[in-house]
Amino acid sequence: MSPANGFPPKGIATYGRSVDLGDGSVRPFTGETPSGRSKFHGVEFDRAALERLPSAGELAAADNRAETDKYRADR
């Protein structure tokens, strides 16, 4: 997914589990300094992840009562 010599830098980025989104996927990454301190965090999207996403109406109509996300609308 990352271009050569791009971001995140090769060799210091560790990727998390890929998750399906839209028609593609996203995956988190983090980078550390040589001493082990966190240097950056991010999420990498492939282009297809932004295709065929649900509309605002579909999201509002979804039954999300079982969600445990602390940022959901009814909190």
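In this predicted model, strand β3 (residues 24-32) pairs with β4 in the antiparallel sense over seven bridges. Within that pairing, P28 has V43 of β4 as its bridge partner. The hairpin of β3 and β4 has five residues between the strands, and G36 there takes a positive phi near 95°.

Strand β1 (residues 13-15) is joined to β3 by three bridges, and Y15 stands opposite F29 of β3. Strand β2 (residues 19-21) is likewise antiparallel to β3, with three bridges; here L21 stands opposite G24. Two residues lie between the strands in the hairpin of β2 and β3, where G22 has a positive phi near 55°.

| Strand paired with β3 | Sense | Bridges |
|---|---|---|
| β4 | antiparallel | seven bridges |
| β1 (residues 13-15) | antiparallel | three bridges |
| β2 (residues 19-21) | antiparallel | three bridges |

R52 is not a glycine, yet it has a positive phi of about 60°. Its relative accessibility is 72%, so R52 counts as exposed, the cut-off being over 50%.

L50 is also placed in the loop between β4 and α1. With a relative accessible area of 57%, L50 is exposed. L50 belongs to a nonpolar surface patch with L21, V43, F45 and L53, and together these residues have about 450 Å² of accessible area.

Definitions and conventions: Residues are numbered from 1 along each chain as its sequence is written. This is a predicted model: local features need pLDDT of at least 70, side-chain atom pairs count only at pLDDT 80 or more; totals for chains, interfaces and linings use all residues. Side-chain values use heavy atoms; hydrogens and water are left out. Buried means under 20% relative accessible area, exposed over 50%, partly exposed in between (1.4 Å probe, protein chains only). Patches are made of residues with over 30% relative accessible area and no salt bridge: like charges are joined within 9 Å, nonpolar side chains (Val, Leu, Ile, Met, Phe, Trp, Tyr) within 5 Å. Accessible areas come from the Shrake-Rupley method with a 1.4 Å probe; for residues, only the protein chains shown count as cover. A salt bridge is a side-chain nitrogen of Lys or Arg within 4 Å of a carboxyl oxygen of Asp or Glu. Helices (H or I, at least four residues) and strands (E, at least two) are DSSP runs, numbered from the N terminus. Two strands pair if DSSP finds at least two bridges between them.
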